[in-house]
There are 2 protein chains.
Amino acid sequence: MGFRRKLRETMARNGSLLCVGLDPDPRQMPAGMGIAEFNRAIIDATRDLVCAYKPNLAFYEAEGLEGLRALEETLACIPPDIPVIGDGKRGDIGNTARKYAHALFDSFGFDAATVSPYLGFDSVEPFISYVKKETFLLCRTSNPSAKDLQDIDGRPLYEHVAFKALEWNVHGNIGLVMGATYPQELARIRQICPEMNLLVPGVGSQGGDLEEVVKRGSDVQGAGVIINVARAILYASNGPDFAAAARTAASALRDEMNEHRPRT
Amino acid sequence: MGFRRKLRETMARNGSLLCVGLDPDPRQMPAGMGIAEFNRAIIDATRDLVCAYKPNLAFYEAEGLEGLRALEETLACIPPDIPVIGDGKRGDIGNTARKYAHALFDSFGFDAATVSPYLGFDSVEPFISYVKKETFLLCRTSNPSAKDLQDIDGRPLYEHVAFKALEWNVHGNIGLVMGATYPQELARIRQICPEMNLLVPGVGSQGGDLEEVVKRGSDVQGAGVIINVARAILYASNGPDFAAAARTAASALRDEMNEHRPRT
């Protein structure tokens, strides 16, 4: 099943815009627990509350081969009807981008991937040629330094990326990463790309406002926005009750998001 | 030993600006040969002809965990006095960039890394805080679509990246990736950043002109430019003589580069 249908069905079934970021940090996890074991518990505690999961590859690569093995085990624990976004922010010339697309979509089997647009279309094309997979281009990122490149003179670069994304979207499977910490930019991009899926990090530890994100980011159906939260769920507790605490946090976030969704 | 000193000493010892890109593609390698075995033969055949090696991580990730194990074996085969650039073009928010920097510099032990500047300074800072390592920011990439984002109105984005790199270079360990396929841009960036190391892909299969690269890219000492070639060396032959053919190609490329170096 393609990403878009899987997302739509999971959003409806779980009544949720919440994406849980599976970013395991051993220093913040319960002492002595392995990454795969930790993730399995988080997934079991939240699987009926989410619209997607998003492992950020950095957290696995930082643990070497063991970490990547744990990522494979984690992916095997996620129910196959929940879409999984591989967050690697890759981007390279065509020949090499094909290798990354193969690694993410074929080897790991992710339903979607995040991709940096810096190298332009031929670096994006190998990803979007997987027509059932979704490719989220970095547009406005959530970090304070986002302005360093994304806000240069003339039309801001992130708007330029959004217009390019419209132009490149021949397969209808491009989405955009839009940081929750920039609500005005989010509204502007929703205006430029009314039908595109927006993957929104930056709520929670990074301080983005949930109400703003839902109101400005959702599409006319009250969907089309995937709100990622990692640390505020994964590390709600670092004791033996971490999974129950994660569930409580995920449930509260889902409900708070839903309060702000336009009724359809 | 830090990257810059290692590079300077290897450039002098081997009389070479040539960086061999270790981008193993099973479809182009001798039939039935493993990645680590192939790389070991290429390294043995070229170790006295290069100034650096540059594995592109995509080629290893595409082979799953086996590929990453082969990367570790490959790194163990490279003589410790030759600098190794980990080409992953990573870039993420600070918290996550720290994980990538740890993976590349501590776990894999690369001497340098390529980093995408799209997210701005706080995504670069975790890399450059490894003061003995070098961080090559993508500036002007070598692919045809480079213009999609890097040439937008006003000051081109790649120039903006170069000025930002000067501003961010508090530890003196930032370099720039400049595609050989854009010689005028290369000359302009050498003017803006007279002392920065330039990592130059795009000679060989991508068609960049070697003479232009050496003349426009090298610094006043006739150094400061690291010219990466992968496919034209690795796949000079795909028969049992591949290593000897790789050596012949590497030797010819090194000598051709040296012909164009300014005498100092």
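Predicted model: local features only at pLDDT ≥ 70, side-chain atom pairs only at ≥ 80, totals over all residues.
**Entry 1: chain A overall.** I started with contacts in chain A (two residues touch if their C-beta atoms, placed from the backbone, lie within 7 Å): of those with a separation of 6 or more, 73% join residues 24 or more positions apart. Residues are numbered from 1 along each chain as its sequence is written, with chains lettered from A and ligands numbered from 1 in the order in which they are written.

I count 12 helices and eight strands in chain A, taking DSSP runs numbered from the N terminus (H or I, at least four residues, for helices; E, at least two, for strands). Its radius of gyration, over C-alpha atoms, is 17 Å, close to the 18 Å from the globule rule (2.2 Å times the number of residues to the power 0.38) for 264 residues, so chain A is as compact as a globular protein of that length. The C-alpha box along the principal axes is roughly 50 × 45 × 35 Å. Buried residues (20 or more other C-beta atoms within 10 Å of their own, C-beta atoms placed from the backbone) make up 58% of the 264 in chain A.

**Entry 2: H12(A).** I checked the length of helix H12, residues 242-260 of chain A: its 19 residues should span 27 Å at 1.5 Å a residue (1.5 Å times one less than the number of residues), and the end C-alpha atoms are 27 Å apart, which agrees. Its buried residues include Phe242(A), Ala246(A), Leu253(A) and Met257(A). Their cover includes strands E1 (18-22) and E8 (225-229) of chain A, as well as helix H10 (210-217) of chain A.

**Entry 3: E6(B).** Next I looked at strand E6 of chain B, residues 174-178. Five of its five residues are buried, so E6(B) is largely enclosed by the rest of the structure. Ile174(B), Leu176(B) and Met178(B) lie on one side, Gly175(B) and Val177(B) on the other. Strand E5 (residues 134-140) of chain B runs parallel to E6(B), joined by five bridges; pairing takes at least two DSSP bridges. Strand E7 (residues 198-200) of chain B also pairs with E6(B) in the parallel sense, over two bridges. From E6(B) the chain crosses through helix H9 (residues 183-192) of chain B to E7(B), a right-handed β-α-β crossover (with the strands pointing away from the viewer, the path from the first strand over the helix to the second runs clockwise).

**Entry 4: the interface.** Last, I looked up the A/B contacts: 44 residues of chain A meet 44 of chain B. H5(A) gives the most to chain A's side, seven residues.

Note on methods. Buried ≥ 20, exposed ≤ 12 C-beta atoms within 10 Å, placed from the backbone.
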